[in-house]
Amino acid sequence: MPETHDAVEVIVTKRNKAALSDEQIDWVVDAYTRGVVADEQMSALAMAILLNGMDRREISRWTTAMIASGERMDFTRLSRPTVDKHSTGGVGDKITLPLAPLVAACGVAVPQLSGRGLGHTGGTLDKLESIPGWRADLSYDEMMAQLESVGAVVCAAGSTLAPADKKLYALRDVTGTVEAIALIASSIMSKKIAEGTAALVLDVKVGSGAFMKNLDDARELAQTMVDLGRDAGVTTVALLTDMATPLGGTAGNALEVQESLDVLAGGGPDDVVELTLALAREMLLAAGREEVDPADKLADGSAMDVWRAMITAQGGDVDADLPTARERHQVLAPSSGVLTRLDALAVGMAAWRLGAGRARKEDPVQAGAGVVLHAKPGNTVKEGRPLVTLHSDDERRFARAEQSLEGAFDIEAPAGPGATGAPAPRDVILGRLT
Ligand code: URA
């Protein structure tokens with residue numbers, strides 16, 4: 001069959017700031033998936049979209065075309081309601097690990113199709129793969145069986161969901177076009193809608209460690225995704241959350257698993273607990289189970305029981321020691337006072353350079369590598385005492401990791417007479433959109 005459009009015509013339309021027609025969008029997404037539109041042509045179109053944007057109709061159509069490029073899953077035959085959570089990605093963002101078993105312990109099924117990390121944000125699968133024996137690749141039947149029996153599953157998204165997005169995301173990654181709001185929103189939502197969840201809670205990160213550096217952009221991205229979800233019949237709500245400083249006290253794979261275990265055991269850092277509970281409450285509300293208090297399920301150990309069942313079902317040894325890095329290096333506080341800033345992006349870069357993340361998708365990651373923070377903004381630090389500890393199997397990585405922390409923190413001198421004291425703790429949750 002002859003092609004109904006050609007790539008140059010579509011690129012020129014967007015280059016000239018006009019809206020793409022439904023037919024142009026359907027054709028270009030399909031033709032790119034089939035290999036008829038070349039990577040260099042899609043790169044030019046992605047850049048034109050980044051520079052000139054897409055309106056709501058275009059984004060909605062683009063999302064539908066990406067969904068149509070693959071299969072759709074169906075959770076309707078499960079005996080419990082389903083709800084999913086998606087985070088736009090941040091440093092130290094281990095929330096999926098305690099959250100999925102916690103919400104399942106409240107009687108709701110949580111399918112979490114996740115990815116591996118690229119760049120400075122860690123991937124949920126990389127974190128879980130630090131547990132000896134755990135496997136990310138499940139068949140559709142295994143996933144469904146685990147959702148029914150355990151209630152929670154975190155596994156790799158198969159290649160059949162929105163394959164157009166898979167191809168386009170890899171291209172955007174190497175062409176400086178990741179940050180386009182229209183493309184991020186359609187990329188995330190095409191996968192979530194194709195996955196077939198009935199309800200979705202979005203955690204849209206704001207700050208240096210996130211895609212969206214300021215609140216206005218984050219709000220626009222969140223609203224775009226909420227609208228796409230609603231148009232597709234998925235109950236969708238978004239929280240805007242702080243990513244100016246890392247979440248919790250660790251960034252790295254096994255280090256973050258350990259911190260998640262602390263949360264499931266009823267402890268853990270305040271910000272991780274606060275965000276986990278806030279997202280759990282939103283998920284339960286979206287699933288119609290708001291009468292259950294997730295804090296009770298953390299306190300009574302039932303979330304931990306689901307964690308153990310969830311990890312065991314995927315071959316993981318819940319009683320095995322987590323891997324640790326061979327080498328450690330401390331970065332000391334250069335002065336005494338109150339830590340007023342600790343930059344998320346810098347910590348993420350340090351963890352990445354230590355071996356916790358990858359530069360290319362085929363690179364291996366070190367399970368034990370990462371950064372342990374000894375203070376968070378608002379805490380008092382003492383000159384010469386450790387501020388962060390770097391972990392890696394390879395001590396040659398410490399110098400470059402330390403470089404990424406240069407200028408990454410501010411320490412204010414001890415309060416003198418008339419000083420107001422330590423800054424108020426930062427809010428983790430900055431907004432909510434429906
Ligand atoms: N995550 C995605 O899945 N897609 C994007 O475009 C950005 C983040």
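## Ligand site

The ligand is surrounded by Y169, R172, I184, S187, I188, K191 and F211, each with a heavy atom within 4 Å of it. This is a predicted model, in which local features need pLDDT of at least 70 and side-chain atom pairs count only at pLDDT 80 or more, while totals for chains, interfaces and linings use all residues. Residues are numbered from 1 along each chain as its sequence is written, and side-chain values use heavy atoms, leaving out hydrogens and water.

A polar side-chain atom of R172 lies 2.9 Å from a ligand oxygen, and a side-chain N or O atom of K191 is 2.5 Å from an oxygen of the ligand. The side chain of S187 has an N or O atom 2.6 Å from a ligand nitrogen.

## Shell elements

Helix 8 (163-173) and helix 9 (181-195) each give two or more residues to the shell around the ligand. Helix 9 gives the most, with 4 residues. Helices here are DSSP runs of H or I, at least four residues long, numbered from the N terminus.

## Nonpolar cores

A nonpolar core is a set of buried (under 20% relative accessible area, 1.4 Å probe, protein chains only) Ala, Val, Leu, Ile, Met, Phe, Trp, Tyr and Cys residues joined through side-chain atoms within 4.5 Å. The largest has 78 residues, and V103, W307, V371, L390 and L405 have the most contacts inside it. Its largest share, 9 residues, comes from helix 12 (residues 270-286).

A second, separate core has 61 residues, including L20, A31, L147 and L183.

Technical notes
Buried < 20%, exposed > 50% of the residue type's maximum accessible area, 1.4 Å probe, protein only. Polar contact = N/O pair within 3.5 Å; in protein donor to acceptor, adjacent residues only side chain to side chain.
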